[in-house]
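Thanks for coming. I will go through one model today, starting with a helix and then moving to side-chain contacts. Please have the sequence and the coordinates open.

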Amino acid sequence: MTAAPAPAGPALPGRRQATLVVLCFVQFMLVLDDTVVNVALPSIRSDLGFSTTDLTWVANAYFLAFGGLLLLFGRLGDLIGRRRVFLWGVTLFGAASLLCGLAQEPWQLVAGRFAQGAGAAMASPAALALITLIFPGREERAKALGIWGAIAGLGGTTGVVISGALTGLASWRWIFLINLPVAVLALVLLPRLVGESRTDRPARPDVPGALLGTGAVVSLVYALLRTEKADWGEVSVLAPLLLGVALGALFLLVEARTADPLIPPAFLAVRIRLVSNATGLIFAAVFFALSFLLMLHLQAVLGYGPLKAGLAFLPYGAGILTGVWCSSRLAVGLGLRWALVLAFLISAVGLLLLSGVSPNDGYATGVLPGMLVVGFGSGLGFPALAMAGVSGTDEENAGLGSAILNSVQQIGGAVGLAVLVSVATRRTEELTGSVGPSRAATQGFSLTLTVAAGLLVLGAALIAVLLARDSAARPESTAREPAPKPVRR
């Protein structure tokens, strides 16, 4: 059957909203797969015969490919077409999900997870770039990115709930197979809703820069993932870390001499994008670590079962939705600078509330207040960071801006898991002999959340100072943002 012709320019309001729905459902699916395997890992291990060490790669393979390949595919979308790269990514992700669901050997599942991550690295920045171009006005873009942020936040939060339900009621294989209807619908609908978009400026792909940049990010993420099982000074961590630094230095050297670099210097010269990505690294580090530590605390210290712990996260999702609803309004009314400052500070307050939870506290009086506040702060922060990260992007560089934003969040998540989880673990180990396991784990949890709150306060201060004179971060700049070039077929 021949597809209906896609619009040659910005779509009509009804078609734009339908496009946003499709892109957001795909993003929900991609973020969901960051966390959906966590609860199912014991079942996967017994069914496929994974060793304890190899089992971590069911999660890490996705994380590594997703974080490492974002820059490459984001820029590729700018050059050859964002819709095309998006559809390639969804196709690969769907096929890989089928492979994961049918896997009979450990290597098949790990290979499928890596392919899923590569598909996500294609689809996610292309989708965000399309949203940026389809909604050119600052206010409508803020609302669209708010919805995008809500869906992404819910994907990360509900992953553990869906995983627990499907694993308990059916089979762990369904956590992968449920992706197939979403992928098929996206492949059928999106070509009918939006036309192709790419840069009009002739440019040659920066192959050396892409290889070096991708290698540097992959090496860095791999080194951070290895810290789950090894100390920082061990060869398995130090070697990829040093390799990543060396490749990063070579990347900067090559980019300085390339006519069409992967990341043009002018792109990072825009202050609001530079500041939002730098502080977004902190924000992502804190919230990735929080999800891991809070789930562990609920089960290991408060004694919740996997499904109950997953359900306990639902109010966190409600807090995120409320924060997202407020985020676009604050960004337009107060400007991105103060919207981000409020998001960071409110999140810090929520972390401090959670840091005081003791083993004897009930859910409603102990866990819930901090969870609601930190969820609200998260819902405020991620959409505002997305707005700032793609601020001023157009058809020339929308894919690059989206890819950098996603890369920052993935790398920030790896840093948070490596550093903040290490702080909690070491503090717990120090105190276990003197105060008992439960009390020691509580003290480690409390210390880490206090440190994380301090990092967010630092981030808020940096935003307040560095964006004080940036017109793009003020509310009055919303009326002066130029509309991007029309989206072409």
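**Helices, contacts and a surface patch**

Let me start with helix H17, residues 363-389: at 1.5 Å a residue its 27 residues should span 39 Å, and the end C-alpha atoms are 36 Å apart, which agrees. The expected span here is 1.5 Å times one less than the number of residues. Helices are DSSP runs of H or I with at least four residues, numbered from the N terminus.

Some housekeeping on the source. This is a predicted model, with pLDDT of at least 70 required for local features and 80 or more for side-chain atom pairs, while totals for chains, interfaces and linings use all residues. Residues are numbered from 1 along each chain as its sequence is written, and side-chain values use heavy atoms, with hydrogens and water left out.

Back to H17. Of its 27 residues, 19 are buried, and the helix is mostly covered. By buried I mean under 20% relative accessible area, by exposed over 50%, and by partly exposed anything in between, with a 1.4 Å probe and protein chains only.

Two rings of Phe, Tyr or Trp (its six-membered ring) pair if their centres lie within 6.5 Å; planes under 30 degrees apart count as stacked, over 60 as edge-to-face and the rest as tilted. How many aromatic pairs does this rule give? The count is seven. One of them joins tryptophan 172 and phenylalanine 176, edge-to-face, with 6.3 Å from centre to centre and 85 degrees between the planes. Tryptophan 172 and phenylalanine 176 are both buried. For phenylalanine 287 and phenylalanine 382, the ring centres are 5.9 Å apart and the planes sit at 65 degrees, so this pair is edge-to-face. That pair links distant parts of the chain, 95 residues apart: phenylalanine 287 is in helix H13, residues 271-300, and phenylalanine 382 is in H17. Phenylalanine 287 counts as buried, at 4% relative accessibility. A single aromatic cluster takes in Phe283, Phe287, Phe344 and Phe382.

The criterion is NZ of Lys or CZ of Arg within 6 Å of the ring centre and within 35 degrees of the ring normal. Arginine 329 lies over the face of tryptophan 325, 4.0 Å from the ring centre.

Next, salt bridges. Side chains of opposite charge can pair when their charged atoms come close. The cut-off is a side-chain nitrogen of Lys or Arg within 4 Å of a carboxyl oxygen of Asp or Glu. Four salt bridges come out of this rule.

Which parts of the chain does the bridge between arginine 113 and aspartate 33 tie together? Arginine 113 is in helix H6, residues 106-134, and aspartate 33 is in helix H1, residues 13-35, so the pair connects parts 80 residues apart in sequence. Their N to O distance is 3.6 Å. Arginine 113 is buried at 0% relative accessible area, and aspartate 33 is buried at 0% too.

Arginine 75 and aspartate 78 form another bridge, at 3.1 Å from N to O. They are three residues apart in helix H4, residues 57-80, about one helical turn. Arginine 75 is buried at 7%, and aspartate 78 is buried at 0%.

Arginine 427 bridges to glutamate 430, with the closest N and O atoms 3.5 Å apart. Both are in helix H18, residues 398-435, three residues apart, about one turn. Here arginine 427 is partly exposed at 29%, and glutamate 430 is exposed at 57%. Through shared partners, salt bridges join Arg75, Asp78 and Arg82 into one network.

Two items remain. Aspartate 231 lies in the loop between helix H10 (207-226) and helix H11 (235-256), and is partly exposed at 45%.

Finally, the surface. Leu447, Val451, Leu455, Leu458, Leu462, Val465 and Leu466 make up a nonpolar patch with about 540 Å² of accessible area together. Patches take residues with over 30% relative accessible area and no salt bridge, joining like charges within 9 Å and nonpolar side chains (Val, Leu, Ile, Met, Phe, Trp, Tyr) within 5 Å. Areas come from the Shrake-Rupley method with a 1.4 Å probe, and for residues only the protein chains shown count as cover. Leucine 447 is in helix H19, residues 437-466, and is partly exposed at 35%.

Note on methods: Helices (H or I, at least four residues) and strands (E, at least two) are DSSP runs, numbered from the N terminus.
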